[in-house]
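Please keep the structure in view while reading.

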Amino acid sequence: MNCKTQENFRPRRSALYVPAHHEQYITKSRGLSADVIIFDLQESVPPSRKVEARALLVEQLKNSDFGYSERIVRVNKLDSPWGKADIAAIAELDIDGVLFPDIESGEELTLAIAALDNANGENKLVMANIESPLGVLRAEEICAASPRLTTIVMGTTDLANSLRVNVTLDRQGLLTYLSMCILAARAHNKSIIDGPHFNLKDVVACEYSCRQARDLGFDGKAVIHPVQLTYTNDALTPKGEDIRKAKGIISAMEQAKSDGQSVAVIDDRLIEPCLEQWANRVICLYTKVNEIGQGELTLG
Ligand SMILES: CC(C)(COP(=O)(O)OP(=O)(O)OC[C@H]1O[C@@H](n2cnc3c(N)ncnc32)[C@H](O)[C@@H]1OP(=O)(O)O)[C@@H](O)C(=O)NCCC(=O)NCCSC(=O)C[C@H](O)C(=O)O
Ligand SMILES: [Mg+2]
């Protein structure tokens, strides 16, 4: 990724789930520092409140400004009693995209996108939850299914449940499957967002899980409560040392190229061309989060 060629690049460090039947959550999400807001019509809304939630959300999305946040609606599954009506209600709204839950194949994603297009939502980008064993096994075909797919969002609770994994703090039992999805996303140049940390009180564990998401290669992490946003954005934002290193690599590689070389040496270390890609990614993310006023974070 290079900022000069990635004008449409969006930071996706944090994705806040907002259950759509709670008006106060929707209102609250307007002033928060979430890179992505996922207005949820699916898992967090009880069946008895689905219709009410949809109507409330449509009303709120027509009349509210959510600042720089990417506005995504998670609809119910197409084969559920609510999926088609959800798509019809939101397809023509001024939102950035639609998240389809529990996608298990490339064909299922293609059918979901076709339903969106039939409702005049051709201009909408899409995201897909992968949250089942079949979804993980077919992550590659899901990622390859459409250029409209920008992002995979892991559904780690459903996945752990189906796999019968006991979720420990280090998530040992999930790491293989998370990495399989990261591999597929990277192979097809998609963003990928980790599932949320579910213990609201334990901020130390929350910080750890955000750093783990970053170190595994995720672009961001889902959050379920505003208190988690600071930790998530902080862990996923490049810091001083990374930025200095990235700038050094970019300028050393520019010098190397003008000297007719393809590698450079900084402090006795060989800098290969792939490190220039890393450096460009770091500077691109750093530039974008500063543009949106989210670059100066307070955590150490
Ligand atoms: C977990 C909660 C039920 C807690 O809610 P609450 O008791 O209201 O928390 P607080 O009183 O501490 O709230 C403080 C203020 O923050 C606002 N708030 C709380 N949560 C949200 C939110 N999600 N979005 C926006 N705003 C929020 C409150 O209104 C308070 O505001 P104020 O009064 O002005 O100070 C609740 O957080 C919650 O429901 N969270 C979301 C749960 C959810 O979405 N779950 C499903 C998504 S996870 C998933 O589906 C993953 C995947 O599919 C999988 O399978 O893993
Ligand atoms: Mg789920």
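In this predicted model, a polar side-chain atom of Asp158 lies 2.8 Å from an oxygen atom of ligand 1.

**Polar contacts and cover of ligand 1**
- The side chain of His225 has an N or O atom 2.8 Å from an oxygen atom of ligand 1.
- Thr156 takes part through its backbone, with a polar atom 3.2 Å from an oxygen atom of ligand 1.
- Ligand 1 taken alone exposes 1,000 Å², of which the protein buries 66%.

**The shell around ligand 1**
- Two or more residues each come from β1 (14–19), α1 (23–29) and α7 (156–163).
- The most is given by β1, with four residues.
- In all, 19 residues surround ligand 1, and the closest are Tyr25, Arg74, Asp158, Ile224 and His225.
- Sorted by class, the shell holds eight nonpolar, six polar and five charged residues.

- Glu131, in the loop between β5 (125–130) and α5 (133–137), and Asp158, in helix α7, are 27 residues apart and link distant parts of the chain.
- Glu131 counts as buried because its relative accessibility is 4%, under the 20% limit.
- Asp158, by contrast, has 29% relative accessibility and therefore counts as partly exposed.

Methods:
Residues are numbered from 1 along each chain as its sequence is written. Chains are lettered from A and ligands numbered from 1 in the order in which they are written. This is a predicted model: local features need pLDDT of at least 70, side-chain atom pairs count only at pLDDT 80 or more; totals for chains, interfaces and linings use all residues. Side-chain values use heavy atoms; hydrogens and water are left out. A residue is near a molecule or strand if one of its heavy atoms lies within 4 Å of it. A polar contact is a pair of N or O atoms within 3.5 Å; within protein, one must be able to donate a hydrogen and the other to accept it, and residues adjacent in sequence count only if both atoms are side-chain atoms. Accessible areas come from the Shrake-Rupley method with a 1.4 Å probe; for residues, only the protein chains shown count as cover. Ala, Val, Leu, Ile, Met, Phe, Trp, Tyr, Cys and Pro count as nonpolar, Asp, Glu, Lys and Arg as charged, and the others, Gly among them, as polar. Buried means under 20% relative accessible area, exposed over 50%, partly exposed in between (1.4 Å probe, protein chains only).
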